[in-house]
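Please look at the sequence and the model first.

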Amino acid sequence: MTNTELAYTGIYTDWTREAILAEVEKQMKPSRFQHVLRVEASSIQLAEKYGASVEACSLAALLHDYAKEHAAESMKEIVLSEGMDSEMTGYGSEIMHGPVGAYYAETVFGIKDEAILDAIRQHTIGGEMMTLIGKVLFIADYIESGRAFKGVDEARRLAEDSLDEAAYFKIEKTIIHLVKKELPIYPGTIYVYNSWIQRKVGKS
Ligand code: DGI
Ligand code: FE
Ligand code: FE
């Protein structure tokens with residue numbers, strides 16, 4: 001299925017694909033918009049491979065970084081007024097843009113599907129529990145064709161066989177990366193790591 005055949009109208013949102021693209025493009029610099037399109041392409045491939053809804057995964061991808069370039073102050077206001085975890089405000093836009101993006105997906109685009117909203121909400125740190133749509137976005141954001149960090153080939157290889165293995169790899173590598181760069185780790189990131197490592201150990 002190609003992107004142009006996707007129709008969301010009446011299923012997940014009343015917005016057309018063209019209107020969504022135009023609105024998303026307005027929120028960010030061109031290079032980030034191209035990233036969003038590559039995440040969508042990667043999400044569609046993973047959705048087809050793993051049997052997730054292509055429309056839902058496409059929408060989650062198109063909206064996932066909607067808030068990424070918004071001012072930190074505006075994100076903080078939404079975090080506080082919407083009763084999200086206020087601790088996020090101490091970790092900057094990297095941590096806030098997912099949950100705030102989910103807020104816009106609901107309020108601007110009228111999306112009510114909880115799996116799509118959760119996928120957007122959790123796309124940066126993952127979740128202790130993730131739906132198939134959530135895992136597709138989490139991995140697609142990490143392995144889209146423009147990503148070139150050390151380890152991305154391993155992540156792409158893992159994603160060929162198992163979304164869970166690829167998700168665990170991203171969770172682990174992200175923690176290692178943050179420690180190496182001496183960046184503060186949001187407690188939610190640790191909770192996610194703990195729940196994934198406990199499941200992994202439990203399995204073996
Ligand atoms: O929005 P993107 O750049 O496409 O990707 P993303 O939403 O996965 O954001 C990734 C950034 O978020 C990446 O540079 C690592 C950072 N990050 C993830 N967890 C934490 C974090 N940064 C801090 N300081 N603390 C965290 O726990
Ligand atoms: Fe993001
Ligand atoms: Fe992204």
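## Threonine 89

Threonine 89 is found in the loop between H4 and H5; helices here (H or I, at least four residues) and strands (E, at least two) are DSSP runs, numbered from the N terminus. This is a predicted model, in which local features need pLDDT of at least 70 and side-chain atom pairs count only at pLDDT 80 or more, while totals for chains, interfaces and linings use all residues. Residues are numbered from 1 along each chain as its sequence is written, chains are lettered from A and ligands numbered from 1 in the order in which they are written, and side-chain values use heavy atoms, with hydrogens and water left out.

Not counting residues up to four places away in sequence, threonine 89 touches Lys76, Val79, Leu80 and Met96, where contact means heavy atoms within 4.5 Å. Aspartate 118 is 29 residues from threonine 89 in sequence, and their C-alpha atoms are 19 Å apart in space.

## Isoleucine 111 and glutamate 114

Isoleucine 111 lies in the loop between H5 and H6. This residue is buried, with a relative accessible area of 0%. Leaving aside neighbours within four places in sequence, the contacts of isoleucine 111 are Tyr12, Thr13, Leu59, Leu63, Ala105, Glu106, Ile116 and Leu117. Between the C-alpha atoms of isoleucine 111 and glutamate 128 there are 23 Å, and the two residues are 17 residues apart along the chain.

Glutamate 114 has its place in helix H6. Its relative accessible area is 47%, and glutamate 114 is partly exposed. From glutamate 114 to threonine 131 the separation is 17 residues in sequence and 9.8 Å in space, C-alpha to C-alpha.

## Aromatic pairs

A pair of aromatic rings is described by the distance of the centres and the angle of the planes. Rings of Phe, Tyr and Trp (its six-membered ring) pair if their centres lie within 6.5 Å; planes under 30 degrees apart count as stacked, over 60 as edge-to-face and the rest as tilted. By this rule the model has 6 aromatic pairs. One of them joins tyrosine 66 and tyrosine 104: the pair is tilted, with 5.4 Å from centre to centre and 50° between the planes. Tyrosine 66 lies in the loop between H3 and helix H4 (72-81) and tyrosine 104 in helix H5 (residues 92-107), so this pair ties together parts that are 38 residues apart in sequence. Tyrosine 66 and tyrosine 104 are both buried.

Tyrosine 66 also pairs with phenylalanine 109; their ring centres are 5.5 Å apart and their planes stand at 90°, so the pair is edge-to-face. Here the partners are 43 residues apart, with tyrosine 66 in the loop between H3 and H4 and phenylalanine 109 in the loop between H5 and helix H6 (114-121). Phenylalanine 109 is buried, as is tyrosine 66. Ring pairs link Trp15, Tyr66, Tyr103, Tyr104 and Phe109 into a cluster.

## Helix packing

Helix H1 (residues 17-26) packs against helix H3 (residues 54-63) at an angle of about 20°, and their axes are 10 Å apart. H1 is therefore roughly parallel to H3. Axes are lines fitted to C-alpha atoms, for helices over the stretch in contact, and angles run from 0 to 180 degrees between N-to-C directions. Angles under 35 degrees count as roughly parallel, over 145 as roughly antiparallel, 65 to 115 as roughly perpendicular and the rest as oblique. Arg17, Ile20, Leu21 and Val24 of H1 make the contact with Ser58, Leu59, Leu62 and Leu63 of H3. These residues divide into 6 nonpolar, 1 polar and 1 charged, where Ala, Val, Leu, Ile, Met, Phe, Trp, Tyr, Cys and Pro count as nonpolar, Asp, Glu, Lys and Arg as charged, and the others, Gly among them, as polar.

Helix H2 (residues 30-50) and H8 pack with their axes 10 Å apart, at an angle of about 30°. H2 and H8 are therefore roughly parallel to each other. Their contact involves Leu46, Lys49 and Tyr50 of H2 and Ala159, Glu160 and Asp161 of H8.

## Helix H7 and glutamate 144

Helix H7 (residues 132-143) is mostly covered, with 11 of its 12 residues buried. Glutamate 144 is found in the loop between H7 and helix H8 (152-161). Glutamate 144 is buried, with a relative accessible area of 2%. Its contacts, leaving aside neighbours within four places in sequence, are His35, Arg38, Val39, Ser42 and Arg156.

Definitions and conventions
Expected span 1.5 Å × (residues − 1). Buried < 20%, exposed > 50% of the residue type's maximum accessible area, 1.4 Å probe, protein only.
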